[in-house]
Every structure is written in C-alpha cells, then in structure tokens.
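Student: I would like to go through this structure with some questions. Could we begin once it is on the screen?

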Amino acid sequence: MSELVKIENLKVYYPIKSGFFDRVTDNVKAVDDVSLTIETGKTYGLVGESGSGKTTIGKVLVGLENPTSGKISFEGQVVTTIKQKKAINYNKDVQMIFQDSQSSLNPRKTIGDIISEPLRSFGVPGKIGAGYDGQRSFEQDKINARVLELLDIVGLPARTVTQYPFQFSGGQRQRIGVARALATNPKLIVADEPVSALDLSVQAQVLNFMKKIQRDYNISFLFISHDLGVVRYMTDNIAIMHNGRFVEIGTTEDIFDNAKHIFTKRLLSAIPSLDVKKREENRAERKRVEREFVQYKNDYYQQIGSYMRAYDLESISETHFVAIKKGEN
Amino acid sequence: MNEKILDSKNVSVSFRINGELQTALHKISVSIKRGEVLALVGESGSGKSTLAMSIMGLHNAEQTEVTGSITLDGHELIGLTERQFDQYRGVRVGMIFQDPLSSLNPLMKIGEQISEAIVVHDKNAPNLKGHVQRLLTDVGIINPKRVAQQYPHELSGGMRQRVMIAIALSNEPDLIIADEPTTALDATIQAQILDLIKEIQLKKNAGILLITHDLGVVAETADTVAVMYAGQIVEQADVEELFANPKHPYTRSLLRADPSNVSPGEELYAISGTVPALKDMDHSKDLFLQRIPWLSDDVVNATIDEELEVVGDNHFVRGNAWKTFEFLDVTEKGHAK
Ligand SMILES: Nc1ncnc2c1ncn2[C@@H]1O[C@H](COP(=O)(O)OP(=O)(O)OP(=O)(O)O)[C@@H](O)[C@H]1O
Ligand SMILES: Nc1ncnc2c1ncn2[C@@H]1O[C@H](COP(=O)(O)OP(=O)(O)OP(=O)(O)O)[C@@H](O)[C@H]1O
Ligand SMILES: [Mg+2]
Ligand SMILES: [Mg+2]
C-alpha cells in the first residue's frame, strides 16, 4: 500500500456578492476543513448531499481551482496550487470525468479533436492503462489509432471521430468524457458522476472497464456518485459529505453495514427499492428516519444561524470515523 | 378523469447528418392519461430525449424532420409555428431537461430566471420575490436568498438541476416531461423531489412523462413503463407486471444489469456490442437480436410485425424471439423454451 495523494485541512471558500453594488458580503464554505488520503490502486467514494462540496474537492484536486487553504501532496510532492501542479505536468497523471458532460465538451470541436487533445499535450503512452510511464509518442498516426481504441473501450463506433457533441445523446457524451479522461493513462481519475446518464448495461460496461484497468494497472479513483448501489459495488472506502464537511468516513462495509452518523442513515434509507410492492412501506420508513434526523441533529451538528456545521471526526475504530459531539460515543 | 393528456401516434424523427436524413425515432406511439406517470427507459441513444424534444417542439426545423401526430389535450402539436408552441411550452407543458446547464441562461441570476418563467404565465403575479424563494425552498435549496443572487456556474450540478425543476413546475403544468430529473441529486433530495412532482401532479391531475435510467425510481413512481431500443418501443406494461414478467430480451437484459445485488468481486452483467448506426437501422426487424451472439441469422434477420403484440392486460411486446427462447442471459447460449 502506498500513498498517492494526501489532502490536508482543505478549505475552499467562494465569495458571495449581494446588494446593489455586488459587494462581497459573505463566503460560501464549499469545502470546510477536509482531509483525505488516497492510496494507489484503491477507489474512494465521495457521497453526500447535493451542494455539499464534492465537485469542488474534485476541481481542486485536478487543478481547476485553487484552495483557500490547506495542503495537497502527490507522490510526496506538494501540489497545492494550480501553479505547482502545472510545474510537474501533473495532469498527465490526474484526470477528471466531468459531471456536466455537455458543457465540458467544446461544441465547436469534433469528438476526435476532443479526445486527442490530452494525447497531443502529453503524448500517447506505449500501451493503454494507468500509470504506464514508458515512452510516449507524439506522432499523428499513433494519436489517431489511440483515439479509436479509446472509443472502442467505451462502446462508441469509429465514425464518432468526425461528429460534434450536439449529435450525441446524454449517455454517449458521458462516454466521450470517459474516453478523454483515460487517454493519458492517469494514475488517478476523479470520476464525477461518470455513469449517471448511462443505461444499466452501458453503465456495467464502463464500471467493468474501470475495475479492469484498476486491476491491471493499479489506478486509483475518486468516485463521486449519488447512486449508492454503484458506490457500494465500486468503492473500497467512502467519505460522506454534508455542508462542506465530512460527516463519516469508513470502509464500504463500515458505511453500509454500520452507519453511525444520522445524515448517513438518512441517505441510506432513501435509496429507492426495485420492489414495486414496497412503495408505501419505503415512504413511511423515510418519514420515520426524517423525524429521527430532526430530533437528534443537535448531537451531530452545531447550529450556526440556519447553517448546520458537522462536528470534527472522532475515531470509533481503526477505519471508521464519525462526526459527533465529543463524549457522545 | 381518464382522458388522455398526451397522445402520440406514429411519431418518427430524422436528423440531417452529413446531408442525409437519418431516422432516430421510428413510429412511436405512446399516450399518457391525466394522473398517470409513464416511465420511458432504455438504451442510451435509443431516442428518449428525441421524443421529449418533439413534444416540446424544440428540434431545429431545418435539420430535423418530425412526422406523425402528437396531441396535447386533443390539440395537434406537430407543425405548429414557434409562436403557437409558446402557448404550451412552460405553461401547459413543463419540461425538465437532461442537461441543466445548457437550458439555463449563463448570464442571468437564478432569481431573475425563475421570475421570468412565472411572468410568462401571469404578467401581474404578486410578490414575485417571495414566490421565487418559495419555489426554491420547495426543491430543497437551503438558502434560497443566496441562490437567487447567484449565476448558474456558481451552483453545484444538483442545485442547477433543482433550479430547472423549480422553473418547470412553477406554472403547475398539465403535462410534466422530466428527462433524467434526479441524476445529480442525492437519495434524500431525490425522494423529496419525486414527492414534490407527485404533489403537483395530484393538484392539477397532470400527466407525467418520466425518462430515467434509474429502475429504483421507476419502481417507486411509475404507473406504466415503456422500454426503448434503437428508436422503437420494444415493450410496454404496467410497472408491476414489467418487473415481474419482462418478456423482450432487451428488457430482461436491462433488469439483469442492475449492480445492487452483485458483489464487488464479480463482473457486472453487460450486453456485448453496440447499437447500430442510425443509418444502418432496419426497423422492420427486431434490432436487438443482432446483439445476441448465439442466435442464428434467420432469427436475427426475420421481418416482424410493425405493431407490438398484446400479451396480457396492458402488456405489449415487439418481435417474436421471446416466444422461442428464454433469454436468461443474452451473452451466453440461451435455452429454447
Ligand atoms: N464558482 C462558484 N461561486 C460561488 N459558489 C460556488 C461556486 N462553485 C460552487 N459554489 C458553491 O459551493 C457549494 C458546493 O458546490 P459543489 O459543486 O462542490 O457541490 P457538489 O457536492 O458537487 O453537489 P452536487 O451533488 O449537486 O453536484 C455549493 O453551495 C455551490 O453553490
Ligand atoms: N441533433 C442531432 N443531430 C444528429 N443526431 C442526433 C441529434 N440528437 C440526437 N441524435 C442522435 O439520435 C439518437 C437518439 O438520441 P437521444 O438523445 O434521443 O437518446 P436518449 O435515448 O435520450 O439517450 P440518453 O439516455 O443517452 O440520453 C442518438 O443516436 C443520437 O446520437
Ligand atoms: Mg457536483
Ligand atoms: Mg437523453
């Protein structure tokens, strides 16, 4: 086991402007003091409330945003800022699959251009697969061939290269984003809702492939998803996020079989069931957990105005941490 | 009570690609009654959004050909001018788009965009600000005041999706088209949004077209399910029947690919191959059969009935192959019945 990325006390604040003159009057604490270590070859699930800061962590990690404070290291090198990342060609090793597949693809470029872009910047690795650090080629023939290979992996035909993003369905665009992220053989992929627009069979293809490249090349994933079934299948460890803070961290089993934080419990109770007959039962259970949440939330959050700030994480086992008022467990 | 709010017959849509018209939807007929939730599921790229965009009249007229008939409450929609469509869009039909970012104006504050949607319906709407904040609160936005002041790029994916839902529902439409409405939402807020949609449906006795890949959402909300593959409906049934008794091999494969019961060490079940290119789709055949390696050529290439076959109360299936084979697994050799 080796440490690939270490995130320490990360904070990302965005200014809020308001009033007539759009003056900065406050901050959104999108990420509020979060730490996480990513090991080589493992998948980390990042799950939580919509708007809780998951994409923001992803953006800082790939270098699209600078943190307000905190420290990020990659294979021991400090890469906190965008500048530090650029200096070591960091994006050859760390790529992102974006949540908004449409807006992340340049509408005026063909799919071929979009996928070859990272190959032109960082070269075509000798073979497909994460972390391959051998020779890289910049020859156009090699680039073209690799683009076709990548398309094939995500189940899109060769004719795709000459087409434009608007000519594809939501799920097809998402697959193009996956192909682009795989192009440079990264060691870490931040996958932000990589399969949310896919039907179950194509989803299965993409997930099987992600597992395969992980097995073959020891790639790591930060896997952001709202689909808890997929998260359970894909991840080794999970961090649960609410209002910019981690409320619970543990192994996948810790979270699914032994959830401790009231927010985690509420989330798990809301997973829709495939059993049509249980509709009413499920609704009643959700209502019950919701009442419990309201009743006990003060044990788990500091109330600051209308804002609920989770307590710091306390260890309850070697792998399992929960944000709870000190002395509660 | 049981009147059809939406009735579409033989809707076909072709896109102009490299100068030539290629068919993405082939003779789709679906109807939605008032009070009904019809879920549309199916292969990525099978034409679900294309159907939704046809109902909304949003295809680029020069690049797209739409034929057949779509009626809303008895009024024909195909062939309407832009101005005529404006009477329906956002007023009687509310649409939640699959891609929130591209349907929101990047240069306009969220609050202004929602106000605009309300004013389309009611020019003299009182207390607009209060109304906007109430709508945002309804979709689970915790600080509506702040969000009303922000621009789309300053919101998270799920917050944008909820803003769009607020806009689509703002005028309490008679028909709600929801194209993957909850993909960016956590389970708790997803449940809350689905409840909200149901509430508005109840109030207006509205019909809902729900497009989704999430079979859990289907099981919890739909009355009827239509399954699409390569531009056609391959199976349609009441929700309970469809989950209990799927017939078409595509439907059966789709249900099998669900990851929730697969242990992490195992591979997920996936159908091999890909959908044919639009120009290679011969809709007189059961196109899914090409994906099943062990079927003989004459079964794959057989011409089939244009109409779906009635196999039970409100249960329809396309093609014939399901009568002969079990299709427990389309990737490996199947059993004859
Ligand atoms: N550029 C920005 N300016 C101001 N606020 C921002 C900006 N980007 C994000 N935010 C705010 O930061 C918070 C976290 O957003 P983020 O996109 O990280 O959430 P998320 O967890 O990915 O949510 P979702 O699951 O809905 O995608 C939100 O409140 C959002 O409004
Ligand atoms: N404007 C367009 N020009 C050309 N082809 C298009 C256009 N829009 C869609 N298509 C094609 O039509 C087919 C149907 O696309 P559609 O977006 O309806 O699929 P979908 O069922 O909604 O898929 P998803 O589940 O991935 O969103 C796809 O093959 C797509 O590539
Ligand atoms: Mg996000
Ligand atoms: Mg679609």
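**Questions on a predicted model**

Tutor: This is a predicted model. Asn124(B) sits in a loop of chain B, between helix H4 (110-121) and helix H5 (128-138).

Student: Is Asn124(B) buried or exposed?

Tutor: A residue counts as exposed when its relative accessible area is over 50%. Asn124(B) has a relative accessible area of 67%, so Asn124(B) is exposed.

Student: What distance separates the C-alpha atoms of Asn124(B) and Phe325(B)?

Tutor: Along the chain, Asn124(B) and Phe325(B) are 201 residues apart.

Student: Why is the site of ligand 1 described as shared between chains?

Tutor: The shell holds 22 residues, and those that come nearest are Gly51(A), Thr55(A), Thr56(A), Ser156(B) and Gly158(B). Strand S2 (23-39) and helix H1 (54-62) of chain A each give at least two residues to the shell, as does helix H7 (157-169) of chain B. The site is shared because the residues that surround ligand 1 come from chains A and B.

Student: How many residues of the shell around ligand 1 are nonpolar, polar and charged?

Tutor: Gly is counted among the polar residues here. The division of the shell is 6 nonpolar, 12 polar and 4 charged.

Student: Which side chain of chain B has an N or O atom 2.7 Å from an oxygen atom of ligand 1?

Tutor: On chain A, a polar side-chain atom of Ser50(A) is 2.7 Å from an oxygen atom of ligand 1, and a polar backbone atom of Ser52(A) is 3.2 Å from an oxygen atom of ligand 1. On chain B, the side chain asked for belongs to Arg146(B).

Student: What percentage of the area that ligand 1 exposes when taken alone does the protein bury?

Tutor: Taken alone, ligand 1 exposes 640 Å². Of that area, the protein buries 92%.

Student: Which residue in the turn between S1(B) and S2(B) has a positive phi?

Tutor: Strand S1 (residues 4-17) and strand S2 (residues 20-33) of chain B are antiparallel and pair over 10 bridges; Leu6(B), for instance, has Ile32(B) as its bridge partner. The two strands form a hairpin with 2 residues between them. In the turn, the residue with a positive phi, about 50 degrees, is Asn18(B).

Student: Which residue of S4(B) stands opposite Ser12(B)?

Tutor: S1(B) also runs antiparallel to strand S4 (residues 64-72) of chain B, and 8 bridges join them. The residue of S4(B) opposite Ser12(B) is Thr67(B).

Definitions and conventions: Residues numbered from 1 in each chain as written. Chains lettered and ligands numbered in written order. Predicted model: local features only at pLDDT ≥ 70, side-chain atom pairs only at ≥ 80, totals over all residues. Heavy atoms only, no water. Helix = DSSP H or I, 4+ residues; strand = E, 2+ residues; numbered from the N terminus. Buried < 20%, exposed > 50% of the residue type's maximum accessible area, 1.4 Å probe, protein only. Near = heavy atom within 4 Å. Polar contact = N/O pair within 3.5 Å; in protein donor to acceptor, adjacent residues only side chain to side chain. Areas by Shrake-Rupley, 256 points an atom, 1.4 Å probe, with all protein chains shown as cover. Pairing = 2+ DSSP bridges.
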